[in-house]
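I opened the notebook for a friendly look around this model. Here is what I looked up, entry by entry.

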Amino acid sequence: MKKNRLWIWGIPLIFMVLMLITYQLQQQKWLMILIIIFNLLSYFVFGYDKHKARRGKWRIPEQLFFVWAFFGGAIGIFAGMRTFHHKTLHPSFKYGIPILVLVNILLYRWFIY
């Protein structure tokens with residue numbers, strides 16, 4: 001894996017660790033802030049991939065979007081799909097991301113309440 005692609009794997013893992021730490025410390029306010037920041041990052045990463053697609057440059061592999069969505073960024077990925085009209089026809093994204101949004105919402109609810 002190239003160095004410049006390491007952030008794609010590292011950021012969701014870092015956020016997951018921070019979320020688990022804030023959960024263990026019972027800091028729901030900070031947990032919500034982390035969730036919001038991670039989803040905003042997921043949204044912008046999706047937009048960045050669309051930008052690269054238009055220019056025919058290196059793209060973010062599709063499975064990494066699912067890594068980001070699995071680790072809590074599904075809402076940002078889904079919003080990016082709708083905003084940027086990107087990957088909306090791919091069955092794995094069309095059905096998989098909305099399912100991960102529901103899973104993320106259930107997990108957020110469980111972690112926060």
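**Entry 1: Asp-49.** I began with burial, and Asp-49 counts as buried, since its relative accessibility is 0% (buried is under 20% relative accessible area, exposed over 50%, partly exposed in between, with a 1.4 Å probe and protein chains only). Asp-49 sits in helix H2 (helices are DSSP runs of H or I with at least four residues, strands runs of E with at least two, numbered from the N terminus). I then listed the contacts of Asp-49, leaving aside neighbours within four places in sequence: Arg-59, Ile-60, Phe-65, His-86 and Lys-87 (contact means heavy atoms within 4.5 Å).

**Ground rules.** I noted that this is a predicted model, where local features need pLDDT of at least 70, side-chain atom pairs count only at pLDDT 80 or more, and totals for chains, interfaces and linings use all residues. Residues are numbered from 1 along each chain as its sequence is written, and side-chain values use heavy atoms, with hydrogens and water left out.

**Entry 2: Ser-42.** Helix H2, residues 28-55, also holds Ser-42. I found Ser-42 buried, with a relative accessible area of 0%. Not counting residues up to four places away in sequence, Ser-42 touches Trp-68, Gly-73, Gly-76 and Ile-77.

**Entry 3: aromatic rings.** I got 10 aromatic pairs for the structure (rings of Phe, Tyr and Trp, the last by its six-membered ring, pair if their centres lie within 6.5 Å; planes under 30 degrees apart are stacked, over 60 edge-to-face, the rest tilted). The rings of Phe-15 and Phe-38 have centres 5.1 Å apart and planes at 35 degrees, so I logged the pair as tilted. Because Phe-15 lies in helix H1 (residues 6-24) and Phe-38 in helix H2, this pair ties together parts 23 residues apart in sequence. Both Phe-15 and Phe-38 are buried. For Phe-70 and Phe-71, the centres are 5.6 Å apart and the planes at 80 degrees, so that pair is edge-to-face. Phe-70 is exposed at 55% relative accessible area, whereas Phe-71, at 18%, counts as buried. I also wrote down one aromatic cluster, formed by Phe-46, Phe-65, Phe-66 and Phe-93.

**Entry 4: the largest pocket.** Which residues lie nearest the centre of the largest pocket? Of its 13 lining residues, they are Met-16, Phe-70, Phe-71, Leu-107 and Phe-111 (on a 1 Å grid over the protein atoms alone, a pocket is an open set of points where a 1.4 Å probe fits, with protein on both sides within 12 Å along at least five of seven lines; lining residues have an atom within 4 Å of a point). H4 gives the largest share of the lining, 5 residues.
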